[in-house]
Amino acid sequence: MQPRNMSMSGVVDLAAVKAAGEAKAKAEQARAEAARQGGSAAVPPSALVIDVDEAGFERDVLQRSAEVPVVLDFWAEWCEPCKQLGPLLERLAVEYRGRFLLAKIDVDANQMLMQQFGIQGIPAVFAVVAGQALPLFQGAVPEAQIRETLDQLIAVGEERFGLTGIAVDADADAGSAAPARPAGPYDSLLEAAMAALDAGDLAGAVQAYKNVLADAPAHPEAKLGLAQAELLTRVQDLDPAAVRRNAAENPADVAAQCAAADLDLAGGHVQDAFGRLVETVRRTSGEDRDAARVRLLDLFEVIGAEDPRVTAARQALARVLF
């Protein structure tokens, strides 16, 4: 399968009308075959999130996409932002009650799929609709934006391809629910932070994470959450075009380079963000150099110390400092 590199607006417009018609016909044929065999039984909420590998991609993604939009979450165990985005997508998959199916793909175990989709960094989220692939977003994205993207994806699936989703039996998992784990000492504060993020209250989320760190400075989830919330706070009101133009015209302006690096990272361009700040550290001195270095360290926290891109950037930073 060679996925198409198209934007959401490209799918809505469907310049290739013939391809759209063929895809819709295939979707209708698949639904007719399912109806002939007795229809698709309702699935439990747990079946809305599946792990997919290269061997099962045809069956679990391409064939299912004739029935429901399939959202692909490309992730890896070492990717700290993935650990924030993944549970959010899983929660939304259940909340949307079969309007889309979430397929999780471990890039370390499925390098061929990663290459076919042209993925340069993770987390990266794509969708497949009636056999046609499209990119959705990459990197740290606010929940409100994710919901908007999902709503548009579902509308495209219904209007252009007649995809009505899959039936869900909300009570099917009730008898097999896992026992609740004991509450940790900071769970209520972390939940408050997540609730604030869901509500778009970035300042509230930042404060909630700081409340945890005031008592447990090394708390890994709070450190990661704070770094991500602070990044989203810095970029939420930026004009991307103006920021990038300012950075290009003023290479020695540390504030301009830091703002552009924030946008790079928030957009999933991790190596671009790190490279920009390493170069800024190289060409500056004194307080300017220290400001660029500190911002780079802040961005390391967003990605996580175990990410190989952080390791490489730390080595590059050491070379320009020493």
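1. Phenylalanine 74 sits opposite isoleucine 105 of β3. The strands involved are β2 (residues 70-75) and β3 (residues 101-106), which run parallel and share six bridges. Strands count as paired if DSSP finds at least two bridges between them. Helices (H or I, at least four residues) and strands (E, at least two) are DSSP runs, numbered from the N terminus.

2. A note on the source. This is a predicted model, where local features need pLDDT of at least 70, side-chain atom pairs count only at pLDDT 80 or more, and totals for chains, interfaces and linings use all residues. Residues are numbered from 1 along each chain as its sequence is written, and side-chain values use heavy atoms, leaving out hydrogens and water.

3. The sheet is open and mixed, with five strands in the order β1-β3-β2-β4-β5. β1 (49-51) and β5 (132-138) are at the edges with a single partner strand each, so one side of each lacks a neighbour in the sheet. From one strand to the next the twist averages 25°. Helix α4 (residues 80-95) packs on this sheet and touches β1, β2, β3, β4 (124-129) and β5. Contact means heavy atoms within 4.5 Å. The direction of α4 makes about 155° with that of β3. Axes are lines fitted to C-alpha atoms, for helices over the stretch in contact, and angles run from 0 to 180 degrees between N-to-C directions.

4. Which helices do the buried residues of α14 pack against? They pack against α12 (270-283) and α13. The buried residues are Arg309, Val310, Ala313, Ala316 and Leu317. Seen down the axis of α14, they fall within an arc of 125°, so they line one face of the helix. The arc is that of the directions from the helix axis to the C-beta atoms. Buried means under 20% relative accessible area, exposed over 50%, partly exposed in between (1.4 Å probe, protein chains only).

5. The salt bridge count is 16. The criterion is a side-chain nitrogen of Lys or Arg within 4 Å of a carboxyl oxygen of Asp or Glu. Arginine 91 and glutamate 143 form one at 3.0 Å, N to O. Arginine 91 is in α4 and glutamate 143 in α6 (residues 143-161), so the pair ties together parts 52 residues apart in sequence. Arg91, Glu95, Glu143 and Arg147 are linked in a network of salt bridges.

6. Aspartate 264 is buried, at 4% relative accessible area. Its side chain meets that of arginine 244 at 2.8 Å, N to O. Aspartate 264 also bridges to arginine 276, with the closest N and O atoms 3.2 Å apart.
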